[in-house]
Amino acid sequence: MGSVRKASAWLGLVDDNDDERYYDDDYAEGQESGEAWVTDPRVKVASETAEEKGRRIGTVTPDSFRDARGIGELFRDGVPVIINLTAMEPTDAKRVVDFAAGLTFGLRGTIERVATRVFLLTPAHTEIVSGEAAGRPTDGFFNQS
């Protein structure tokens, strides 16, 4: 099996005929209760603890404006949402951005452009920590003047 095929199989993009190589009986018996597994047992799905502690972020890549409802439901539940509009037509993408702007205004959240056609919606109780260089020391290793 080629390396591209192996990588695609590991990501779950294609069927992998060698399922036995990922499965180990001893490993499965030692699995703690409450943990969910996806196809590859080396990849864990976040447990319910993440939801209880409010440590969830939703990512949505809508195909059409119909997917806006899913964005609204996540955001209404207090989950920050990253919207990737790169796969949409520009007119539909504008409609989704307008919807998201209204949603954040109505629920007192914020909307921020992260990259071209990628937006972050944050609920009112969420703080965005910026990676700005405000606290960099002026002398030291990085000052090469």
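User: Which residue in β6 is the bridge partner of Ile111?

Analyst: In this predicted model, the bridge partner of Ile111 in β6 is Leu121.

User: What makes β5 and β6 count as paired strands?

Analyst: Pairing requires at least two bridges between the strands, and 5 bridges join β5 to β6 (residues 118–122), so the two strands meet the definition of a pair. They run antiparallel.

User: Why are β3 and β5 said to stand at the edges of the sheet?

Analyst: The open sheet has 4 strands in the order β3-β4-β6-β5, with mixed pairing. Because β3 (58–60) and β5 (110–115) each have a single partner strand, one side of each is left without a neighbour in the sheet. From one strand to the next, the twist averages 20°.

User: Why are α4 and α5 called roughly parallel?

Analyst: The two helices pack at an angle of about 20°, with their axes 11 Å apart, and since angles under 35 degrees count as roughly parallel, α4 and α5 are therefore described in that way. The contact is made by Ala68, Ile71, Gly72 and Phe75 of α4 together with Val96, Phe99, Leu103 and Thr104 of α5; by class, this contact has 6 nonpolar, 2 polar and no charged residues.

Notes: Residues numbered from 1 in each chain as written. Predicted model: local features only at pLDDT ≥ 70, side-chain atom pairs only at ≥ 80, totals over all residues. Heavy atoms only, no water. Axes fitted to C-alpha atoms, helices over the stretch in contact; angles between N-to-C directions. Parallel < 35°, antiparallel > 145°, perpendicular 65-115°, else oblique. Contact = heavy atoms within 4.5 Å. Nonpolar A, V, L, I, M, F, W, Y, C, P; charged D, E, K, R; others polar.
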